[in-house]
Amino acid sequence: MKQSLCALFLAILAVAGCSSKTGQSSESTSQSVRLTGAGSTFVYPIMTQWISQFQSAHAGMQINYQSIGSGGGIQQVKAGLVDFGASDAALDDKQLASMQPMIQIPESAGPVCITYNLPELKQPLRLTAAALSGIYLGTIKNWRDPAIAHSNPGVTLPNKTIIVVHRSEGSGTTNIFTTYLSTVNATWAKNVGQGIAVNWPAPGSLGGKGSEGVTGIVKQSEGSIGYTELNYATNNHLPVAMIENKAGKWVTPTSAGATAAIAAFTDALAKDVRTPIVDPPASAPDAYPISGFTFLLIPKDGANKSNREALKAFVQFIITTGQDQADSLDYSKLPDSVIQLDGTLIGQMTAAGQPLQ
Amino acid sequence: MTTTDLAAPAGNGFTGVWRRLRNFDLGDSVAYSITLLAGTGIFILVGVLLVELWLNSRLARHEFGWKFLFTSIWDPIAQHFGALPFLYGTLVTSLLALIIAIPLGLGTAIFLVELVPAWLSDWLAFIIDLLAAVPSVVYGLLGIFVLVPIIRSGVEPFLQSTLGSLPLFQGPAYGFGFLAAGVVLGIMVVPFIVSVSREVLLAVPQEQREAALSLGATQWEAASQVVVPYARSGIFGSIFLALARALGETMAVTMVIGNDPSIHTSLFASGYSIAAVIANEFAEATSTLYIHVLIELGLILFGLTFILNALARLLILATVRRGTVRP
């Protein structure tokens, strides 16, 4: 008995030994540069485009991106398991302090649109900041509320309870939306706050899993309102509300509207790339007020020089050539000012303490 | 002579070792070791799981203590967390699922065993087994696109007009909520009850039926008063298997429950379950406390399943009588 157990263990050890050996040899023979990234699901569609383009232009380059969610991306880059992370929410000072020095690079932006299910309406619904935050706070309960009716003259709104829909899981979209509500509404800022998941105050609100969950609930429920990334609303042919910006103009969510919003924050972004790009000043009349960046998280320093150079080239590609794809996938192009800013940020990357070429 | 002398011990040695090996019966002992490894592996796995859940929830346990179980605030921004709405949602939806699934499943099993010819019974059982293999996300989609509209425009208004005086059936009809989640879960766990109960009912000796029939019992009386009580223990087993499935179900529940961490008496209101909140928020949980809170919820679900299974064992022990079929 004992002997046979020993034999079995020996056999297992032998097998394990063999497999680890083969693992080593395969690593040493591969000469190509391999980069791994992880994080945001929001950037996944455009990230795969960027990766395939970059790989076809650079032979021997292998980039692997795991869309496991921003939180997971932050954890992995913190633990040094991946070369870069992608997050829909920028890291705050407390998070930065707990990690090795990080560079945060805004790499694409997108508007968050307000979608609704009111079959009676023939033209786009118009919502002021006050109306939108009232609905999500639960203080505006009926579509006939004067706060909504006032900005939709000549429209008969239904006498229906508003069904408030939000994302059930932590999401960058929620972060953008709640950042906007916190900026325009003091009560929201005080009682709820901003983040990738919040304590939704409206009683009886519904949470949908993922953007497809939110659009699914909105499509099904008459009288509902929800928020989602622009491409989900356009793909599902859902109506989107026009939002009043600071200039007093009614703006439809478009990728260009988000780009205009970013451009309005150029100076503030140069000081801190984490500046929220919601509710831009009245000087930008075409800006759509609810949009946000997604960020690449890159450790400032790394040991492997060829990996670091490849990573730098990839990020350089993303913020220049890569931006041309943005529009076709309903992401917003970065304005030139931010591209320049990103360029200086990438310049801070080092390998083993030495600046890169 | 000398050569044979030298050769003889060698030959003896070889055949001796061979014989000893044969006597030792290598095949049996290898099989024994493999099954022993597999068996202990399960215990080790459960142990590792518990230790991991315990260690990785320490921040949450230190921060909130037992209060965590009785707090109903869920505010990731202010880092205030409580498990009560999730516990409530998990228990309510699972209970609802059992209320729907037990009569349906047991009825189907009795029908398949007692009333249908054997060949048809096998075919129907095969189809029901297939239902158990349908991925839960498919049930979730079925819930969103078929059940929720029916519940919103048919079931909920009906319940409200007939039983609306009960607090269980009040409030606006959204479709999404405890009721929808309970119904979807009920549909999902029916195959488990049917499949296991059918096997147990089939195992009831034919003599039992014949005896009942010969005493003048109708077919239904024989089934309900002789066959089902005989198989009671196995049927309980199937119900607890279904309960375990319902408690841990994630995807289908999160798609229809409304994902609102609050407690409502009304079944029409939206709620949340433990498994759903872990799946929803884990990937994007950024702070360590937040992650530990979600892992503690996992620990609670583990504990809940354990307690309910223990209660199930006790129930079976208390109700089992001589002559029943053990599952």
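1. Start with two helices of chain B. Helix α7 (residues 178-202) of chain B packs against helix α10 (residues 232-248) of chain B at an angle of about 155 degrees, with their axes 8 Å apart. Axes are lines fitted to C-alpha atoms, for helices over the stretch in contact, and angles run from 0 to 180 degrees between N-to-C directions. The angle therefore makes α7(B) roughly antiparallel to α10(B). The cut-offs are these: under 35 degrees is roughly parallel, over 145 roughly antiparallel, 65 to 115 roughly perpendicular, and the rest oblique. Helices (H or I, at least four residues) and strands (E, at least two) are DSSP runs, numbered from the N terminus.

2. This is a predicted model: local features need pLDDT of at least 70, side-chain atom pairs count only at pLDDT 80 or more, and totals for chains, interfaces and linings use all residues. Residues are numbered from 1 along each chain as its sequence is written, while chains are lettered from A and ligands numbered from 1 in the order in which they are written.

3. Back to the helix pair. α7(B) passes α10(B) in a right-handed crossing. A crossing is left-handed if the near helix is turned anticlockwise from the far one by less than a right angle, and right-handed if clockwise. On the α7(B) side, the residues that meet α10(B) include L185(B), V189(B) and F192(B). Their partners in α10(B) include G234(B), I235(B) and L241(B). Contact here has C-beta atoms, placed from the backbone, within 7 Å. The residues of this contact divide into 11 nonpolar, four polar and one charged. Ala, Val, Leu, Ile, Met, Phe, Trp, Tyr, Cys and Pro count as nonpolar, Asp, Glu, Lys and Arg as charged, and the others, Gly among them, as polar.

4. Helix α7(B) has another partner. Helix α5 (residues 118-132) of chain B and α7(B) pack at an angle of about 140 degrees, with axes 8 Å apart. α5(B) and α7(B) are therefore oblique to each other. Their crossing is left-handed. α5(B) brings A125(B), I128(B), D129(B), L131(B) and A132(B). α7(B) answers with P191(B), F192(B), V194(B), S195(B) and R198(B). By class, that contact has seven nonpolar, one polar and two charged residues.

5. Now confidence. pLDDT is the predictor's confidence in each residue, from 0 to 100. Chain B averages 87, and 90% of its residues score at least 70. Over residues 1-11 of chain B, pLDDT stays under 50, and the model has zero contacts beyond four places in sequence for them. The complex gets an ipTM of 0.71 and a pTM of 0.77 from the predictor.

6. Next, the domains. Bounds come from an automatic or database domain assignment. Chain B has domain 1 (12-52) and domain 2 (56-322), with C-alpha centres 40 Å apart. Chain A has domain 1 (34-110 + 292-355) and domain 2 (111-267 + 275-291), with C-alpha centres 28 Å apart. The contact in chain A takes 22 residues from domain 1 and 20 residues from domain 2.

7. Finally, the two chains. 33 residues of chain A are in contact with 28 residues of chain B. On the chain A side, α1 (2-29), α3 (70-78), β7 (206-208) and α9 (210-220) each supply at least two residues. That side has 11 nonpolar, 20 polar and two charged residues.

Notes:
Contact = placed C-beta atoms within 7 Å.
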